[in-house]
Amino acid sequence: MSEISQLSPQPVWQFFDKICSIPHPSKHEDQLAQYIVDWATHEGLSVCRDDVGNVIIKKPATSGMENRKGVVLQAHIDMVPQKNESTEHDFVTDPIRPYIDGEWVTANGTTLGADNGMGMATCLAVLAANDIAHGPLEVLLTIDEEAGMTGAFGLKEGWLDGDILLNTDSEQEGEIYMGCAGGVDTAITFTLEREDLSEGYLGKALQIKGLKGGHSGVDIHTGRANANKLLGRFLAGHAEELGLRLLSLRGGTLRNAIPREAFAYLAVPSENADKMASLFAHFEALLKDELGAVESSISLTVSDHDISEQALTASVQKRVIAAINACPNGVIRMSDDIEGVVETSLNLGVITTEESTMTLLCLIRSLGDSGRSYVESMLRSFGELADANVEFSGAYPGWKPDPESEIMHIFRKIYEDIYGRVPDIMVIHAGLECGLFKKPYPDMDMISFGPTIKYPHSPDEKVNIATVGLFWEQMIAMLGAIPEKV
């Protein structure tokens with residue numbers, strides 16, 4: 001057990017410490033899921049896994065609470081696997097190493113997994129407790145939320161009995177969420193042609209590092225730079241001038257994380273190598289001046305690189321560089337109905353290069369279907385202009401706010417009674433699973449709340465210790481205030 005297991009509330013932190021010790025990136029949750037199943041079985045709880053692998057645990061009501069409405073506590077099992085380029089870590093085999101940093105818990109060079117591990121730990125701590133009053137209780141732990149929402153898509157009617165769902169995947173204490181954006185993945189693929197280079201070229205690698213990155217939904221409006229877009233900007237401005245020949249590009253690792261790092265592997269005429277290095281250094285100074293208020297650690301470097309592959313033909317190179325530079329990215333539109341909330345956005349999250357293809361992976365988010373459709377149309381047109389194939393997949397609906405939600409009003413009153421102030425009622429520009437749950441369970445009343453987590457989906461991820469205690473306090477109070485069945 002690490003030092004975080006001694007933090008308060010101890011039951012929550014002990015579970016979170018255990019969660020960190022078991023690898024569970026998206027698509028690799030089985031080891032952690034099996035631990036939870038074994039633990040619940042040992043505790044004498046009813047536990048099963050549904051057809052897609054979600055874990056469902058049921059606990060009877062405590063004495064005198066049998067007539068209360070049933071509650072489903074919900075979290076997702078998987079975490080986003082992001083690390084700094086210099087960090088040695090295999091998310092499939094290595095545990096997360098959490099540590100206390102002042103008022104926060106964070107990890108060294110990797111994502112922490114507080115999104116949504118802290119919510120999952122809280123759900124398990126409620127199940128383990130013998131001194132918390134509650135009605136009929138279920139815990140739903142879904143798989144693969146971060147990489148496709150497979151668990152939420154696969155949840156069928158009949159598995160859950162509850163009337164109310166408390167989603168624990170929010171990241172700001174004092175805010176209660178009653179709606180979220182929907183989204184769709186986009187793959188833009190270019191067919192590459194290559195050719196041999198003549199003599200006189202030097203192999204070089206351009207690297208952009210040190211950006212903050214972050215969640216492509218909740219952080220998309222913060223002015224954080226996109227490493228893929230910055231690299232495209234430099235190449236569009238100087239590739240022709242310098243006579244550069246592109247070998248490959250790569251940047252970012254997840255379509256739902258703002259890319260922090262990007263790399264161009266290229267050949268430069270030997271007589272232009274020094275000029276390229278000078279221009280790249282000038283570009284670094286320009287970016288520090290332009291973005292320094294937000295991006296304080298930008299680092300651009302040039303290094304030697306072996307020329308071990310053919311270069312893209314000049315015409316293909318010109319087309320892909322122009323496409324990356326022109327690809328829409330960031331906030332498309334702010335909401336007219338909810339002040340300060342992004343309505344529609346796009347994140348150019350990943351660039352990969354193979355021998356014969358280059359692929360740009362994007363994630364479109366929107367509070368409304370029309371906004372999502374607009375950006376889909378924009379990218380189709382972009383693909384036509386760039387002579388690229390555009391495919392959409394994994395579309396998921398938003399969660400439409402219900403101003404008459406009974407559980408939202410109950411939470412609001414409880415929060416005001418405890419803290420003397422009203423929580424902010426919010427809609428989040430991120431993909432919570434609640435919208436998908438509404439299909440098999442259309443009458444289930446839902447809200448989302450959680451502790452304060454900063455910089456999710458990036459190696460800077462951290463969770464505020466004090467707000468975990470507040471979240472626990474709110475959870476206990478909520479379970480005790482669930483109304484009786486009519």
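Analyst: With 486 residues, a compact globule would have a radius of gyration near 23 Å, and the 24 Å of the protein chain agrees with that; the radius is taken over C-alpha atoms, and the globule rule is 2.2 Å times the number of residues to the power 0.38. This is a predicted model, in which local features need pLDDT of at least 70 and side-chain atom pairs count only at pLDDT 80 or more, while totals for chains, interfaces and linings use all residues. Residues are numbered from 1 along each chain as its sequence is written, and side-chain values use heavy atoms, with hydrogens and water left out.

The largest pocket holds about 460 Å³ of space, a volume being the space filled by probe spheres set on grid points that are joined across faces, edges and corners. A pocket here is an open set of points on a 1 Å grid over the protein atoms alone, where a 1.4 Å probe fits, with protein on both sides within 12 Å along at least five of seven lines; lining residues have an atom within 4 Å of a point.

Its lining has 22 residues, and Q172, E175, Y177, V218 and H221 lie nearest the centre. Two or more lining residues come from each of β8 (175-180), β22 (424-428) and β24 (453-454), strands being DSSP runs of E with at least two residues, numbered from the N terminus. The largest contribution, 3 residues, is that of β22. By class, the lining has 10 nonpolar, 6 polar and 6 charged residues, where Ala, Val, Leu, Ile, Met, Phe, Trp, Tyr, Cys and Pro count as nonpolar, Asp, Glu, Lys and Arg as charged, and the others, Gly among them, as polar.

Methods
Helix = DSSP H or I, 4+ residues; strand = E, 2+ residues; numbered from the N terminus.
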